[in-house]
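This report looks at selected surface and backbone features of one protein model. Please keep the sequence and structure in view while reading.

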Amino acid sequence: MKKLYVAAAVYATLGLLAGLFYRTYTVAQDFTGSTQLAVTHTHLLALGFMVMLIVLALDATLKISGSRSFSWFFATYNAGLLLTVGVMVWHGMLQVQGETEVSGAVPGIAGLGHILLTVGMVALLVSLRVPVRDAVARRQA
């Protein structure tokens, strides 16, 4: 449970810093258009901070953090989110700099981040299966 709390706190901090970076970087570059930087703070707060808080609540009630599939969730989900947001920052900075064409590496690495997020979500669902089944059985008894 502690690592979920720490992850939530880290994502909250990163999300707030991403919003600050977006605003100060675009103002400093005198940029007024659309950029990927605009949504990095939202991704970090929603997919990082809020998801970790929800999983923390699930762990407090269902005790899921001890399973092997939970370890897979935590590792792959966090790696995927950090990779995805990292590519968004990279792409956003290129957009602010006026780069209209980006390397195929940008969507390729972003896709890898999304695949890791998906694997993490599936692992979370797997780690919830037995505890949810047991909780339902206890309620019906």
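The model described here is predicted. D30 lies in the loop between α1 and α2, where α2 covers residues 40-62. The phi angle of D30 is near 55°, a positive value in a residue other than glycine.

D30 has a relative accessibility of 69% and therefore counts as exposed, since the cut-off for that class is over 50%.

## A residue in the next loop

K63 belongs to the loop between α2 and α3, the latter helix spanning residues 68-96. Its backbone also deserves attention: phi of K63 is near 55°, which is positive although the residue is not glycine.

With a relative accessibility of 61%, K63 is classed as exposed.

## The nonpolar surface patch

Which residues make the nonpolar surface patch? They are Y5, V6, V10, L14 and L82, and the patch has an area of about 440 Å². Helix α1, made of residues 2-28, contributes the most to this patch, with four residues.

L14 is located in helix α1. Is L14 exposed or partly exposed? The relative accessible area of L14 is 32%, so this residue is partly exposed.

How values were computed: Residues are numbered from 1 along each chain as its sequence is written. This is a predicted model: local features need pLDDT of at least 70, side-chain atom pairs count only at pLDDT 80 or more; totals for chains, interfaces and linings use all residues. Side-chain values use heavy atoms; hydrogens and water are left out. Patches are made of residues with over 30% relative accessible area and no salt bridge: like charges are joined within 9 Å, nonpolar side chains (Val, Leu, Ile, Met, Phe, Trp, Tyr) within 5 Å. Accessible areas come from the Shrake-Rupley method with a 1.4 Å probe; for residues, only the protein chains shown count as cover. A salt bridge is a side-chain nitrogen of Lys or Arg within 4 Å of a carboxyl oxygen of Asp or Glu. Helices (H or I, at least four residues) and strands (E, at least two) are DSSP runs, numbered from the N terminus. Buried means under 20% relative accessible area, exposed over 50%, partly exposed in between (1.4 Å probe, protein chains only).
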